[in-house]
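Please open the model in your viewer and keep the selection panel at hand.

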Amino acid sequence: MSDFWLYTAIVILKVVIVLAVTVGSVPAMVLAERKVLGWMQVRPGPNRVGPWGLLQTIVDGMKVFFKETVIPSGVERPLYELAPLLVVVPALVVSSVVPFGPIIEVAGVRIRLSVTDLDLGLVFYFAVTSLTVYGVVLAGWSSNNKWSLLGGLRSSAQLVSYEITLALSVVGVLLLCGTFNLREIADQQAGGFWHWNVCRQPVGLVLFFVAGLAENNRLPFDLPEAESELTAGYHTEYSSMRFVMFYMAEYMNVFLTSAVIVTLFLGGFHPPYSFQFGTTPLDGAIGVVWFGMKVGVLVFTYIWIRGTLPRLRYDQLMALGWKVMLPLAFINLFVTAFLIAFERPWWEMGLAGAAMIILTDAVLSQILWRRRRASR
Amino acid sequence: MLLVDLLKGFGVTLKHVFRRHVTVEYPEQRRVDAPIFRGRHHQQRYADGLERCVACCLCAAVCPSEAIYVEGAENNPDHPISHGERFAKTYEIHLLRCIFCGFCEEACPEDAIVMGRDWELANDARQKCVINKEDLLTPVAQGFGEYDFNFSNPTVG
């Protein structure tokens with residue numbers, strides 16, 4: 001019986017820590033985003049509130065708590081209030097399947113550094129994150145505003161289109177690893193950089209990352225928001241905490257997509273050199289630190305992309321999703337399956353991936369160049 | 001190639017991260033104003049301490065936004081305030097109306113009103129944005145004579 005309580009306590013502790021980190025990542029990422037974007041625009045970014053501007057987003061968060069909740073007349077009240085939750089909760093739930101460190105032993109008790117290791121972890125991830133679409137559509141529909149409805153439809157079209165690519169791009173990894181369990185996928189990449197899936201599935205990584213940008217409504221795919229053109233979409237009629245829920249969900253999704261990319265393609269918590277994890281707490285700390293650093297690099301890349309690329313037009317968004325990324329995902333899947341079926345070495349897969357990227361680039365450049373010349 | 005161009009773009013933004021930022025962090029750092037910059041008004045005195053303004057009201061007449069209010073009064077010959085017959089009993093400028101066109105300065109026959117160099121005019125109340133003779137005249141303690149255009153007075157109000 002005491003074992004039961006001990007394990008329950010450990011699980012609750014892990015849940016609390018993971019939720020705290022996921023939610024706490026939001027102000028940290030907002031600040032990082034504003035700082036990095038500032039530097040890229042040759043300005044300092046927020047630096048007035050607290051030392052080096054560190055308290056800026058915390059103060060912003062407090063302000064938003066005290067703002068008035070304005071609910072427009074004629075909204076579909078139950079759905080209006082449910083929609084933000086449908087966007088936030090999946091992001092929080094998904095954080096439970098990401099392994100952020102090895103299995104450690106403290107005083108004879110085995111603790112796995114992830115809330116749970118579902119055997120269908122990756123399926124769970126896709127199943128739960130796709131619920132976000134409901135939140136988006138319902139938010140647009142229940143707001144009693146035609147433009148919110150159109151915004152919701154526009155966003156859901158984007159989410160659904162890119163979800164297909166998102167799911168297809170990891171099938172190559174699944175074929176390689178033969179498991180949906182995220183911890184097993186991470187553990188199969190142990191032993192150094194050349195064991196990481198990015199060396200076998202570079203196309204998968206690129207596709208997953210780009211589709212992840214679109215899924216999280218990040219620039220250059222932030223058409224749901226498009227502040228300079230559309231004045232927001234499905235969340236126009238939301239204010240105060242309900243709006244913040246949409247906002248938080250976006251950043252938590254960036255954090256969790258980065259975490260899943262790290263687990264699937266970049267070796268999870270394994271360092272890029274040959275290293276055998278023991279079961280001491282120190283090993284756990286090494287794993288968590290490496291995992292955190294990789295996630296940090298990916299989050300920086302998200303911000304970097306936002307600072308660099310202009311927003312796509314809607315037809316460009318759809319063309320990229322359906323005419324470029326989806327076929328590429330299929331080709332990648334076939335090539336991977338072919339190479340696995342004939343038991344080729346891993347570097348051939350990597351070379352094939354690099355060739356696919358260069359070929360796609362060449363074809364796209366040609367098409368765009370010809371189109372531009374024709375329109376002249 | 002598309003990919004190469006894309007990476008070049010990423011290189012540009014990454015390079016700028018390490019550049020020195022161009023922001024002037026205002027309350028601590030200040031930009032040096034251009035020598036010809038003119039901000040809010042000042043009233044002049046003669047070297048003997050008497051005011052130049054004779055309350056002719058030309059400034060108020062020429063002001064396109066009607067920001068100037070002048071009320072004249074007769075000088076007491078024993079204790080004159082200005083060199084003319086009249087002096088300005090009240091002289092108020094509504095800085096929220098003023099468009100800093102400088103017509104008042106041009107219209108003034110006595111060179112009494114001049115555009116000075118202050119530009120920190122932000123305030124927390126509208127009433128404080130109406131400045132009077134006290135704000136406009138160089139204090140006697142700071143000496144008389146011409147307005148020093150290299151000198152920037154403290155904020156009004």
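**A helix pair in chain A**

In this predicted model, α6(A) passes α9(A) in a left-handed crossing. To display the pair, select helix α6 (146-169) of chain A together with helix α9, residues 202-215 of chain A. The axes of α6(A) and α9(A) lie 8 Å apart, and the packing angle is about 155 degrees. Angles over 145 degrees count as roughly antiparallel, and α6(A) is therefore roughly antiparallel to α9(A).

Next, show the side chains where the two helices meet. On α6(A), select Gln158(A), Leu159(A), Tyr162(A), Glu163(A), Thr165(A), Leu166(A) and Ser169(A). Their counterparts on α9(A) are Gly204(A), Leu207(A), Phe208(A), Ala211(A), Gly212(A), Ala214(A) and Glu215(A).

Asn144(A) is not a glycine, yet its phi is positive, at about 60 degrees.

Then select Trp52(A), which sits in the loop between α1 and α2 (56-65) of chain A. Trp52(A) likewise is not a glycine and has a positive phi of about 60 degrees. With 14 other C-beta atoms within 10 Å, Trp52(A) is partly exposed.

**The contact between the chains**

Display both chains and select the residues at their contact: 14 residues come from chain A and 13 residues from chain B. On the side of chain A that touches chain B, α1 (2-40), α11 (281-308) and α13 (346-375) each supply at least two residues. The largest share of that side, five residues, belongs to α13(A). The side of chain A that touches chain B holds nine nonpolar, three polar and two charged residues.

**Confidence**

Finally, colour chain B by pLDDT. The mean for chain B is 84, and 88% of the residues score at least 70. Among the helices of chain B, α2 (residues 58-62) has the highest mean, 94, and α4 (residues 133-136) the lowest, 86. Select residues 153-157 of chain B, where the pLDDT is below 50; this stretch has ten contacts in the model beyond near neighbours in sequence. Where pLDDT is low, predicted coordinates should not be read in detail. For the model, the scores are ipTM 0.81 and pTM 0.84.

Key
Residues numbered from 1 in each chain as written. Chains lettered and ligands numbered in written order. Predicted model: local features only at pLDDT ≥ 70, side-chain atom pairs only at ≥ 80, totals over all residues. Contact = placed C-beta atoms within 7 Å. Helix = DSSP H or I, 4+ residues; strand = E, 2+ residues; numbered from the N terminus. Nonpolar A, V, L, I, M, F, W, Y, C, P; charged D, E, K, R; others polar. pLDDT = per-residue confidence, 0-100. Buried ≥ 20, exposed ≤ 12 C-beta atoms within 10 Å, placed from the backbone. Axes fitted to C-alpha atoms, helices over the stretch in contact; angles between N-to-C directions. Parallel < 35°, antiparallel > 145°, perpendicular 65-115°, else oblique. Left-handed = near helix turned anticlockwise from the far one by under 90°.
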